[in-house]
Amino acid sequence: MSKKFKSNLYCEVLFSLLFLLLLVTTHAEGVKLFQTEPVVCISDGCLRGTVLQNSVGSSYPAFLGIPFAKPPIGKLRFANPQPNDPWKGTYNASTTKSACIQMVTVFASPRMYGSEDCLYLNVFMPTLQIREAAPLPVMVDIQSGGFLYGSAQLEQRNPARFMTSRRVIVVTFQYRLGVFGFLSTGDRAAPGNFGMKDQVMVLRWVKKNIRAFGGDPNRVTIFGESVGGSSVQYQMLSPLSRGLFHRAISMGGSDFYSLNGAMGSPLDFARAQANVVGIEDANELSSAELVEQLRKVDAYELTRSIERLKLWDIHPITMYLPLVEPPEEPEPFLAEDPRAAWRRGAYTAVPWMTGSIPNEGSFITQTIYRNDSLVEDFDAKFAFALPFMLGTNITEEKFTGLRKRFLKNTPLSQWVTKDNYAEITKLFSEAYFQYPMVKNIKQHLANRKNTSTSVYSFQFRGRYSFSKLLTGSEKSYGLSQADEMIYLFRMPLFFPEFPPGSPEAEMTQLWVKFIVDFATQESVDKIGTCYSEKCDVVTFANSNNRYFPVSKKLVPGLDEEMYRFWKGFYEGKA
């Protein structure tokens with residue numbers, strides 16, 4: 001064989017190999033893979049994603065910053081989300097977009113950031129290898145943050161651990177927060193619940209498009225923690241969400257029982273908001289005129305101004321909330337009181353998991369106990385502040401009941417001291433989360449929905465905690481609200497990754513598997529289920545066994561004594 005022929009053959013083989021590497025392979029559902037950049041085509045156009053690494057170093061495709069609605073700016077501020085327009089060419093989905101505009105006051109170092117143009121979602125697929133197998137179940141995460149803060153940026157919410165399981169597709173997204181997501185005038189001018197309708201828009205997008213990513217639109221699990229968990233239950237209640245999901249996980253308990261508006265009617269609150277930003281004659285303007293004037297206010301000024309509406313320190317932390325929309329609204333997200341609707345069973349019957357950590361109320365107390373002067377001030381104003389913090393009037397008899405239950409070792413002349421952090425945290429944890437959660441479970445079981453119901457309690461304490469962000473201190477506050485999320489998502493903005501083989505790494509594997517199992521199994525009986533009026537609670541905790549440093553076990557029964565106390569308290573019998 002001549003040298004020239006060998007050379008030409010070599011070139012042809014090399015060219016063929018290069019061609020094969022660059023060749024686009026098309027999946028039946030619309031996924032295309034290049035050597036380094038995955039491409040998916042949906043009804044709005046094609047998306048060029050990126051490649052990330054999961055928890056064990058394997059590559060997987062991610063599509064970031066996908067618009068699911070038009071930017072809610074200008075006339076679309078304080079308006080229901082609108083479908084975005086198709087794009088020309090291939091959309092660059094390789095980076096996340098800005099968080100929704102927010103002011104984080106609960107952290108020890110408050111800051112404001114984000115943009116009004118923030119309605120974007122991210123899709124994470126478990127492997128670069130696109131198979132012709134059956135579509136995968138989908139998990140849609142609803143962010144927490146008191147309806148005030150949080151984002152779907154990778155620095156705060158990276159689902160790499162889910163990708164290691166290779167069993168689900170994960171969708172994360174952002175929705176409007178604070179005044180932008182929940183301002184209401186009580187009529188058609190601003191019916192409210194814009195942030196909740198953003199969530200519905202995401203679920204509709206998933207229903208329409210997720211098959212192109214290899215996902216099954218008929219096996220969608222929604223999950224979230226704290227107000228993300230409340231959002232899950234709101235979605236179960238809303239007529240707008242019917243048929244858009246098939247399983248639900250509300251983590252961190254449920255607090256739509258204790259989340260009450262900050263003042264008066266929605267219109268009164270909207271006028272108060274207008275007054276603090278200097279809108280002239282705000283109390284005399286019609287609701288439509290009021291909304292038009294508020295649309296003209298700089299977004300950062302509007303965000304910052306909410307702090308001037310607080311009643312004490314940064315409390316109530318959450319002032320803008322989901323609410324019942326006016327009867328003239330043609331497609332309301334909520335048409336009746338969610339408490340009444342849940343009680344009578346007017347919600348989607350799907351397999352449901354709920355659970356919490358024991359001291360969810362730490363996000364309240366840690367913002368107070370990080371400052372000695374605030375502890376003293378809270379003690380002095382306890383009788384004034386506690387009613388609006390718990391969302392109910394408190395009689396002298398009820399105050400006596402609270403002291404007897406929580407403050408037996410606190411001097412009678414005081415309510416809050418530097419030494420009773422644990423007791424005050426327990427009070428808020430039970431009132432805000434534990435009692436509503438147990439009440440929801442009991443009502444759900446009484447409704448006989450004939451769907452699986454699972455309950456967990458997360459009690460594992462690791463080396464990292466949100467208490468450091470809330471207090472700005474290295475002092476140990478024990479387990480803090482949202483700490484269980486550290487073991488689901490990577491959060492490099494806040495915490496380093498766990499060392500391999502550490503108890504935290506072991507808990508990560510156990511916890512992620514538990515959550516993914518619920519989203520993928522046809523039955524949840526094997527991981528703890530409620531039967532009739534009784535529940536076995538799946539409890540995650542530390543273990544003293546050096547070879548198995550984490551534990552998962554069933555604990556029978558809900559906290560009935562706690563339930564009876566708060567039932568009496570809120571129904572006027574305590």
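# Close-up views of a predicted model

**View 1. A482 sits in the loop between α15 (467–471) and α16.** Helices (H or I, at least four residues) and strands (E, at least two) are DSSP runs, numbered from the N terminus. The structure is a predicted model, in which local features need pLDDT of at least 70 and side-chain atom pairs count only at pLDDT 80 or more, while totals for chains, interfaces and linings use all residues. Residues are numbered from 1 along each chain as its sequence is written, and side-chain values use heavy atoms, with hydrogens and water left out. A482 is not a glycine, yet its phi is positive, about 75 degrees. Most residues other than glycine have a negative phi. With a relative accessibility of 12%, A482 counts as buried (buried means under 20% relative accessible area, exposed over 50%, and partly exposed in between, with a 1.4 Å probe and protein chains only).

**View 2. Helix α16 covers residues 503–520.** The expected span of a helix is 1.5 Å times one less than its number of residues. For the 18 residues of α16 this gives 26 Å, and the end C-alpha atoms are 26 Å apart, so the two values agree. Of these 18 residues, 13 are buried, so the rest of the structure largely encloses α16.

**View 3. S226 lies in the loop between β13 (215–225) and α5.** S226 has a positive phi of about 60 degrees, although this residue is not a glycine. Its relative accessible area is 8%, so S226 is buried. Helix α5 (residues 227–237) is mostly covered, with 11 of its 11 residues buried. Among them are V227, Y234 and L237.

**View 4. H315 and P316 are joined by a cis peptide bond.** The omega angle is about -5 degrees. Most peptide bonds are trans. P316 is in the loop between α8 (299–305) and α9 (338–343).

**View 5. Strand β10 (residues 120–124) is largely enclosed by the rest of the structure.** Five of its five residues are buried, which is why the strand is described as enclosed. In a regular strand the side chains alternate between the two faces of the sheet. In β10, Y120, N122 and F124 point one way, L121 and V123 point the other way, and all are buried.

**View 6. β10 pairs with β6 (residues 59–67) and with β12 (residues 169–173).** Two strands pair if DSSP finds at least two bridges between them. The pairing of β6 with β10 is antiparallel and runs over four bridges. In that pairing, P67 stands opposite Y120 of β10. The pairing of β10 with β12 is also antiparallel, over four bridges. F173 in β12 is the bridge partner of L121.

**View 7. The largest cavity holds about 90 Å³ of space.** A cavity is a set of points, on a 1 Å grid over the protein atoms alone, where a 1.4 Å probe fits but cannot get out; lining residues have an atom within 4 Å of a point. Grid points are joined across faces, edges and corners, and a volume is the space filled by probe spheres set on the points. The structure has two cavities of 30 Å³ or more. Residues lining the largest cavity include M103, L148, F180 and I306. Both β8 (102–104) and α3 (178–182) supply at least two residues of this lining, and α3 gives the largest share, three residues. Seven of the lining residues are nonpolar, three polar and one charged (Ala, Val, Leu, Ile, Met, Phe, Trp, Tyr, Cys and Pro count as nonpolar, Asp, Glu, Lys and Arg as charged, and the others, Gly among them, as polar).

**View 8. The second largest cavity has a volume of about 60 Å³.** Among the residues that line it are P72, R77, E116 and R176. The lining is made up of seven nonpolar residues, one polar and three charged.

**View 9. F378 and F382 are one of the 50 aromatic pairs found in the whole structure.** Rings of Phe, Tyr and Trp (its six-membered ring) pair if their centres lie within 6.5 Å; planes under 30 degrees apart count as stacked, over 60 as edge-to-face and the rest as tilted. The F378 and F382 rings are 5.3 Å apart centre to centre, with 65 degrees between the planes, and the pair is edge-to-face. F378 is buried, at 1% relative accessibility, and F382 is buried, at 1% relative accessibility.

**View 10. The rings of W566 and Y570 form a tilted pair.** Their centres are 5.9 Å apart and their planes stand at 35 degrees, so the pair counts as tilted. Both residues lie in helix α17 (residues 560–570), four residues apart, about one turn of the helix. W566 is buried, at 0% relative accessibility, whereas Y570 is partly exposed, with a relative accessible area of 26%.

Notes: On a 1 Å grid over the protein atoms alone, a cavity is a set of points where a 1.4 Å probe fits but cannot get out, and a pocket is an open set with protein on both sides within 12 Å along at least five of seven lines; lining residues have an atom within 4 Å of a point.
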